[in-house]
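Reader: Could you take me through some of the terms used for this model? I would like to see each one set against its definition.

Author: Gladly; here it is.

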Amino acid sequence: MDWADFGVDLHLELDATGGRRAGLERALRAAIRDGRLPPSTRLPATRALAAELGVARGTVSAAYDQLVAEGWLVARVGAGTEVSPQRPVVPPGPAPAPATAPPRYDLRPGSPDVGAFPVAAWLRSTRRALATAPATAYGYGDPRGRPELRAALAGYLGRARGVLADPARIVVTTGYVQALVLLTAVLRNAGRPVLAMEDPGLPFHREVVRRQGGRVVPLPVDDRGARAELLGTGELADVGAAVVTPAHQYPTGVTLHPARRHALTGWARDAGALVVEDDYDGEFRYDRQPVGAVQGTAPEQVAYVGTAAKTLGPALRLAWLVLPARLVEPVVEAKRHLDVQTEVVGQLALADLIDSHGYDRQVRTVRRHYRQRRDLLLDRLGGRLAGGISAGLHAVVPLPPGGPTEAEVLARAAARGLALAGLDRHRHHPGGHPPGLVVGYATPPSHAYPAALAALAEVLGTASEPA
């Protein structure tokens with residue numbers, strides 16, 4: 001067919017993937033989108049185009065009808081089919097970000113060794129869970145989460161973390177961040193929008209609270225943990241909740257002192273406030289048994305948050321809230337209007353993994369794995385002081401006074417292909433604090449870990465030299 005008879009010079013290439021009609025639709029959309037078929041161009045009759053392309057007339061008619069329904073073409077009685085006079089405009093996408101090469105070695109904190117994910121055990125649990133799950137499991141369900149997982153978590157948290165967990169008070173979330181979003185929203189709606197957050201602490205979590213309408217005030221941390229005795233005074237006078245990491249403070253690594261634990265729950269009880277216990281790295285203690293959760297001593301004052309991100313992997317997007325009775329319904333209502341429910345298959349698999357004791361075995365396995373990594377890090381530090389080494393997946397390495405600045409050391413590390421985190425960025429008000437590095441030892445794959453430590457030792461060896 002000579003398309004010049006219709007005012008255009010066009011050749012259609014039909015890709016029959018998915019069928020000839022779908023291929024014709026794609027070809028015509030592309031021609032209209034890129035301007036080869038201008039607006040108001042009259043198209044050939046269905047019989048003529050079918051003969052030209054060697055397809056059935058019904059195929060062309062169906063393709064035309066579909067494109068008319070989508071707004072690409074218009075059909076006029078007695079005038080045939082034309083390209084819509086208002087051609088769909090596809091706005092240009094954002095300019096691609098400049099490509100940056102990933103670091104050769106990544107010793108930033110916050111991520112586990114994803115190579116330690118228990119693939120075989122997870123597959124077995126998934127198969128068992130799917131084989132026995134009722135059909136109703138695949139529909140919309142309780143925003144709190146699957147009852148199988150909430151029951152399994154209640155048992156596990158009670159024996160492993162000392163948490164008083166009634167399944168009815170557990171809400172399964174898609175990670176710690178969603179748990180923090182839900183709690184901030186509930187506090188804001190209750191007229192308690194001010195949250196105390198540890199200083200230093202993770203800047204991203206502070207931003208999460210702010211974006212939910214909360215106001216953040218710093219809660220200082222020293223070598224005994226968060227200074228709970230300051231709550232209710234000064235800038236902390238109107239706080240509705242305190243977000244803390246008692247088992248292993250991030251990033252300093254200290255454990256909250258018993259006297260501070262009592263002061264924290266006493267303040268919450270007297271002020272009608274809430275303690276948000278982020279059980280960060282709670283299972284990973286190397287010098288003694290893991291310290292039990294604060295929630296076990298004051299379940300009506302503490303909202304406990306745990307997650308599978310470090311024990312299994314962040315990709316699962318599974319975390320859990322154990323709530324005081326008064327917060328269950330408000331949090332469930334907030335969850336219902338946020339995403340209705342957390343995905344179900346992962347919940348069922350995790351419930352089976354816990355009930356079959358595969359989760360306990362995984363925790364023991366990765367605890368040994370990370371302890372070995374911690375020990376290798378300490379050997380490489382060669383006697384240099386480090387904080388937070390008794391637990392968790394990271395250590396804080398102070399930098400000598402009078403040497404290069406924290407920013408200069410980070411730049412030297414980056415030049416060697418080594419990614420590290422600085423301590424100063426974790427402060428509510430950066431600057432004026434002793435410099436240091438936050439070194440995560442979980443992320444590099446096993447084959448690259450010795451070389452990553454060698455690069456770290458090289459960087460630290462230059463940390464006392466002038467920049």
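Reader: What makes E12 and strand E15 a pair?

Author: Two strands pair if DSSP finds at least two bridges between them. E12 and E15 (residues 436-440) have five bridges, in the antiparallel sense, so they pair. Val-396 stands opposite Val-438 in E15. Before we go on: the model is predicted, so local features need pLDDT of at least 70 and side-chain atom pairs pLDDT 80 or more, while totals for chains, interfaces and linings use all residues. Numbering starts from 1 along each chain as its sequence is written, and side-chain values use heavy atoms, without hydrogens and water.

Reader: Why are strand E12 and strand E14 called edge strands?

Author: In the open sheet, the order is E12-E15-E14. Strand E12 (394-398) and strand E14 (421-422) each pair on one side only.

Reader: Why does Arg-124 count as partly exposed?

Author: Buried means under 20% relative accessible area and exposed over 50%, with partly exposed in between (1.4 Å probe, protein chains only). Arg-124 has 44% relative accessibility, so it is partly exposed. This residue lies in helix H4.

Reader: Which element gives the most to the positive patch?

Author: That is H11, with three residues. The patch gathers Arg-124, Arg-127, Arg-361, Arg-364 and Arg-368; for such patches, like charges are joined within 9 Å, from residues with over 30% relative accessible area and no salt bridge (a side-chain nitrogen of Lys or Arg within 4 Å of a carboxyl oxygen of Asp or Glu).

How values were computed
Helix = DSSP H or I, 4+ residues; strand = E, 2+ residues; numbered from the N terminus. Patch = residues over 30% accessible without salt bridge, like charges linked within 9 Å, V, L, I, M, F, W, Y side chains within 5 Å. Areas by Shrake-Rupley, 256 points an atom, 1.4 Å probe, with all protein chains shown as cover. Lys, Arg positive; Asp, Glu negative; His and termini not counted. Charge placed at Lys NZ, Arg CZ, Asp CG, Glu CD.
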